[in-house]
Amino acid sequence: MPLIVEKKPEVLITEDGIRTDGRGPLDLRPIKIQVGVLSRADGSAYLEWGGNRVLAAVYGPREVHPKHMALPDRALLRCRYNMAPFSTPERKRPGPDRRSVELSKVIREALLPSIFLERYPGTAIDVFVEILRSDAGTRVAGVTAASLALADAGIEMRGLVTAVAVGRVEDWVVVDPNHDEDQWGDADIPVAFLMEEKEITLLQLDGPMTQEQFDRALELASQAADLIYEVQKEALRRPYEAVRLEILRRGE
Amino acid sequence: MKPERNEPKILVANRDLVLPGQALAVGPIRPGDYVYVDKKGVLRSTKVGLADIREGEIRVVPLAGSYIPREGDLVVGTVSKVAGNTILVNINSAYPGVIIPPRGLRGRARAKYNLSPGDLVLAKVKAFDGVSSPLLSIEGEGLGKLVGGRVYMINPTRVPRVIGKRQSMLMLLKSKLGPEIIVGQNGVIWYNPKSLKHALLMEQVLAKIERESHVSGLSDRVLRLIESSGILDSQGSEAGEV
């Protein structure tokens with residue numbers, strides 16, 4: 001028996017649309033991103049999204065091991081999503097499980113269309129997504145961070161990938177479900193977009209929704225992704241801008 | 001109404017910081033390095049870099065990325081393995097370099113190929129097809145094993161800045177910090193400093209170039225750093241020395 005028994009809140013969303021954490025239905029949780037945090041990796045990003053803490057690292061293009069996995073005409077994209085044992089309220093048994101194998105797969109496929117793999121034949125690009133603290137929506141946080149890590153590694157890309165989840169709580173369609181809504185809500189849709197052309201690279205659905213609710217959910221996801229995209233771009237620019245400003249300040 | 005002139009519409013300024021996917025231009029202009037054309041005909045960047053607009057062409061000068069060999073490149077690498085007649089060289093790339101000694105060499109010409117793991121070599125990329133290992137050559141003056149000196153690893157995208165326009169930066173470094181500097185296109189820089197002070201200053205200078213390469217006026221800042229260090233006079237010799 002776990003020490004902390006989680007209970008469903010009496011009200012997940014009030015009649016006037018106030019959620020358990022005080023947000024309105026369209027509000028995102030606060031997002032903070034930093035790029036280039038790991039000096040040993042070719043590219044990296046650290047992301048805080050609500051209570052989520054995600055570290056993404058990219059290695060590559062590099063030699064493929066084992067060698068027989070190398071593809072003659074393009075790079076091999078590998079992705080590992082992993083949750084730290086201390087990322088959940090109860091200790092998570094370390095190592096890959098059914099869920100993390102699936103998430104590795106969907107994150108890989110969400111990033112795949114964004115990368116010009118054919119520019120790096122015979123090599124491997126390895127993406128690691130480490131969840132340090134989880135608080136609902138870790139897969140979309142992982143995709144968002146991993147895409148920045150790829151850009152930071154200088155891998156040729158069609159554009160950045162931004163992901164966000166939308167859910168249904170009773171009759172409300174809500175953006176960026178929190179832990180309670182994830183646990184006891186009625187439906188959950190993680191979506192990833194290749195931002196510049198708004199192509200969808202990830203779309204999952206669990207829980208029932210009407211056609212109207214689904215359409216609205218996609219529309220809201222697209223709007224929320226626009227906001228997150230701005231944060232991503234700012235994070236990529238920041239290190240370069242900081243150096244430029246520092247030089248200006250020194251008066252050189 | 002006048003017929004619309006078929007002019008490209010450029011959406012960024014020269015030397016703007018651009019991000020992957022960012023629209024650079026629309027219309028009849030040639031996409032250069034690290035630029036692709038999307039389905040609607042918009043030219044977009046594939047990397048984080050600086051926009052470089054030229055007559056009839058737009059390209060991106062990358063600020064991040066690893067080394068992809070090109071034929072004719074001069075690279076500095078470490079011998080990683082000697083297997084029979086082939087010598088494998090780590091050239092800081094996804095593609096390991098290979099040196100194959102030409103047949104029929106004797107005497108001193110053959111001795112050049114007596115390399116063992118850990119040796120530092122200066123080599124030229126002779127052939128690279130984009131898939132299999134690039135073939136390196138150490139035939140030629142100055143090529144081959146590098147003895148002594150130090151190595152500094154810099155991001156390969158910064159190599160053009162370490163060399164500078166018409167080698168201006170490299171000449172500056174050579175005149176101030178000693179003539180023995182070799183800049184590999186793969187981002188491996190070999191240099192043989194006169195003293196530890198020179199070596200430390202060289203490291204500082206290269207770190208500065210790596211960090212500040214995207215801001216113009218780099219040569220001036222580097223020159224100021226070297227002069228303010230106080231360990232050199234204008235001749236490049238030790239200050240206080242007669």
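Good morning. I begin with Arg166(B), which lies in the loop between helix H2 (159-163) and helix H3 (168-177) of chain B. Helices here are DSSP runs of H or I with at least four residues, and strands are runs of E with at least two, numbered from the N terminus. The model is a predicted one, in which local features need pLDDT of at least 70, side-chain atom pairs count only at pLDDT 80 or more, and totals for chains, interfaces and linings use all residues. Residues are numbered from 1 along each chain as its sequence is written, while chains are lettered from A and ligands numbered from 1 in the order in which they are written.

Let me stay with the backbone for a moment. Most residues other than glycine have a negative phi, and most peptide bonds are trans. Arg166(B) has a positive phi, near 45°, although it is a residue other than glycine. Is Arg166(B) buried or exposed? Arg166(B) is exposed, with 8 other C-beta atoms within 10 Å. The terms are these: a residue is buried if 20 or more other C-beta atoms lie within 10 Å of its own, exposed if 12 or fewer, and partly exposed in between, with C-beta atoms placed from the backbone. Arg15(B) is not a glycine either, and its phi is positive at about 65°. Arg15(B) sits in the loop between strand S1 (9-10) and strand S2 (17-18) of chain B, and with 14 other C-beta atoms within 10 Å it is partly exposed.

Chain A supplies two cis peptide bonds. One runs from Gly60(A) to Pro61(A), with omega near -5°, and Pro61(A) lies in strand S3 (residues 52-63) of chain A. The other runs from His65(A) to Pro66(A), with omega near -5°; Pro66(A) is found in the loop between S3 and S4 of chain A.

I turn now to the sheet of chain A. In which order do its five strands stand? The order is S1-S2-S3-S5-S4 (chain A), in an open sheet with mixed pairing. Strand S1 (31-35) and strand S4 (76-83) of chain A stand at the edges with a single partner strand each, so one side of each has no neighbour in the sheet. Neighbouring strands of this sheet are turned by 15° against each other on average, direction ignored. Here axes are lines fitted to C-alpha atoms, for helices over the stretch in contact, and angles run from 0 to 180 degrees between N-to-C directions. Two strands are said to pair if DSSP finds at least two bridges between them.

S4(A) pairs with strand S5 (residues 123-133) of chain A in the parallel sense, over eight bridges. Within S5(A), Val127(A) stands opposite Cys79(A). Helix H1 (residues 98-111) of chain A packs on the sheet and touches S4 and S5 of chain A, and its direction makes about 135° with that of S4(A). Contact means that the C-beta atoms of two residues, placed from the backbone, lie within 7 Å.

Next comes helix H2 (residues 138-152) of chain A. Its 15 residues reach 21 Å from first C-alpha to last, close to the 21 Å expected at 1.5 Å a residue; the expected span is 1.5 Å times one less than the number of residues. Of the 15 residues of H2(A), 15 are buried, so the helix is largely enclosed by the rest of the structure. Just after H2(A), Gly154(A) takes a positive phi of about 75°.

How do the two chains meet? In all, 26 residues of chain B are in contact with 31 residues of chain A.

Finally, some strands of chain B. S9(B) and S10(B) pair in the antiparallel sense over five bridges, and they form a hairpin with two residues between them, where Gly84(B) in the turn has a positive phi of about 60°. Strand S10 (residues 86-90) of chain B has a covered face, Ile87(B) and Val89(B), and an uncovered face, Thr86(B), Leu88(B) and Asn90(B). Val89(B) is the bridge partner of Val79(B), and Gly97(B) in S11(B) is the bridge partner of Val89(B). S10(B) and strand S11 (residues 97-99) of chain B run antiparallel, joined by three bridges. Their hairpin has six residues between the strands, and Asn92(B) takes a positive phi near 60° in it. Thank you.
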